[in-house]
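Please look at the structure first and keep it at hand while reading.

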Amino acid sequence: LSREAVMGNLWSSSAAPEKPRRHPTPSWGFLTATWNVAAINNNPFEYWLTLNSQPAYEQLMKDVQAFVDQPGDGEATVDDVFSKDMAKQLADAIKQAKLVDDESLVDGALNAYTSDFAKRRVVSDFLKDKTIGDKRLASMPDRITNTVNTTNGPVYRPTVINMYTGDLSSVEAWWPQWLAFMFETPITIEDAKSKSSKTSKGAAHLLDPILRTKYPAITEQEEAMSVPLQCFAQAIFDATLVYMLNKLLPEKWIEIKKDVCEALCERKEALTLDIVLKRLASEDRTSTIIFLQECSAKFVNLLRDNEEIADLYEVVAPAKLDAKRDQNSVILIDNDKFDISSMREVTDEIISLLPEGAPLKPATGDLVAVQLKLKPLDILDSPKRGIFDRVNYAGTETGYTDRETFLFASFHGDTNGLLTPYI
C-alpha cells in the first residue's frame, strides 16, 4: 500500500466494511501482504484532505504550494528568519549539552551558518536545495525528534509538521520552546525488550552522526560535525515553516492544523491497528503472512496485546527492537498453519553474511527474519486448504510438505536503496 492509500484508509476507516473483501486463497501457495505503516510520520500537512470543518484549508494548501513554487521578489534570507543571535544561542546550547567532545566541530557548524546558510534565500536556496536532502541534514533530525515516544507518552518537537500544540504564532514565540525541547526537556525512552529506560536532557541527545557510507553526498568534514550541523539545519527548517505559515494565514492556520491532527494523527496507531484487523487479519485469514515496516515500539506492543491478533497470528519483531528511531520491521505469521514452536530468528545470521562490499549494515530494527516449518499435516483441520493443495501453476502434483522450512523476512532501510540488493 502506498502511504497515500494508507492515509485514505485512515481517513475513511469509520466507513470500512465489517468484513474484508477477501480474495480466494490460491491453490498454489498462500496470500501475503506488505505495508510500510510509517509510524514516525505525524505531519498533518503532508497529504491533501477533505476537511469540511475548515473551508480555508484548501486555500492554505494552495497558497503554500504557490509560495514554495514562486516566493517572489524580496524573498527573505535565512538570517531574516533565523537570526545570527539565534544561531549563537544554538551553538552555545550544543556546547553546554556536550553533544560532541570537540567544541571546534560546533564552531564549524556555526561557521557553516554564518558563511553559507545565513546568506541563502529561505525557500529558493534552502528549502529547495536538493543537496540538503541528499545529505539528510534536516530530514534525519526530524525523523528522530519529530515525535518521541517516551515512557510518559509521545512528546513533540515544536514545529509545524507534527501534533505540537504550543504557541507557534511567530518565530519569536517558537524559538525558546524549540531550544527547551532540544536541550532541556527530559526525554525518557524505554527499551521494548528489556523494559529498562534511559533519560536524556533534551531530544538533541538522540541524534546520531550521519555517515558517508550511508549518505555519500555528505563530505568528510560535514560527517565529523554532522550532529551540530543537523541541529542548525533543523532549526532553520522549523523556523522557515513557522515564518511561512504565519505570513500566509496568521493565527487561522493553527486552528486548521488542530482540526487536521484530530482527524488524522491523534489516533493513528489505533486506526492502523484497525486497518490490520479489518483488511488483513480477519478471522477469514485474508493474509497468511503480513509483513509490516516502520512500526513504532508502541505499535508492536499494541499488536502483541491485541486478543484478536493473538488468536490468529504470531507477532514477530526483531529481538533488538529500536524505540528511538521507531522504524521496526514486523511479521505476522498465521499460527494455524505454521508450527510456531519450530521458529527461530535468523536476523543476525543474515547480517553476518553480508559481503565485505556492502556499504553498511541495517540499522537496528530495519530487518527481521525467521525460519519455521508448517504444522504437521495430520493435525490440520483441512488438508486441502490453500497452501496445502498439492497443485502448482501447471497442475502437477507438487506443493509444500510439513518438513519444508520457510524463511520470512521483512525489511525497510533508509539508505536510498544502497543496502537493498545486499540484503
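## The second largest pocket

Strand β5 (197-201) gives the largest share of the lining of the second largest pocket, 4 residues. The model is a predicted one, in which local features need pLDDT of at least 70 and side-chain atom pairs count only at pLDDT 80 or more, while totals for chains, interfaces and linings use all residues. Residues are numbered from 1 along each chain as its sequence is written, and side-chain values use heavy atoms, without hydrogens and water.

A pocket is an open set of points on a 1 Å grid over the protein atoms alone, where a 1.4 Å probe fits and protein lies on both sides within 12 Å along at least five of seven lines; its lining residues have an atom within 4 Å of a point. The second largest pocket holds about 670 Å³ of space, a volume being the space filled by probe spheres set on the points, which are joined across faces, edges and corners. Its lining has 31 residues, and Leu206, Asp208, Asp322, Lys324 and Arg325 are the closest to its centre. By type, the lining divides into 14 nonpolar, 8 polar and 9 charged residues. Here Ala, Val, Leu, Ile, Met, Phe, Trp, Tyr, Cys and Pro count as nonpolar, Asp, Glu, Lys and Arg as charged, and the others, Gly among them, as polar.

## The largest pocket

The largest pocket contains about 1,200 Å³ of space. Asn43, Glu46, Asp142, Ile161 and Phe237 lie nearest its centre, out of 37 lining residues. At least two lining residues come from each of α2 (56-69), α6 (122-127), α7 (130-135), α8 (139-145) and α11 (226-248). The lining is made up of 18 nonpolar, 10 polar and 9 charged residues.

## Aromatic rings

The model has 11 aromatic pairs. Rings of Phe, Tyr and Trp (its six-membered ring) pair if their centres lie within 6.5 Å; planes under 30 degrees apart are stacked, over 60 edge-to-face, and the rest tilted. Phe82 and Trp175 have ring centres 5.2 Å apart and planes at 85°, so this pair is edge-to-face. Phe82 is in the loop between α3 (78-81) and α4 (84-97), and Trp175 is in helix α9 (residues 171-183), so the pair ties together parts 93 residues apart in sequence.

One aromatic cluster is formed by Phe82, Tyr113, Trp174, Trp175, Trp178 and Phe232.

## Two buried residues

Gln54 sits in the loop between β1 (32-36) and α2 and is buried at 7% relative accessible area. Its side chain makes a polar contact with that of Lys252 at 3.3 Å. A polar contact is a pair of N or O atoms within 3.5 Å; within protein, one must be able to donate a hydrogen and the other to accept it, and residues adjacent in sequence count only if both atoms are side-chain atoms.

Tyr156 belongs to strand β3 (residues 153-156) and is buried, with a relative accessible area of 19%.

Key
Buried < 20%, exposed > 50% of the residue type's maximum accessible area, 1.4 Å probe, protein only.
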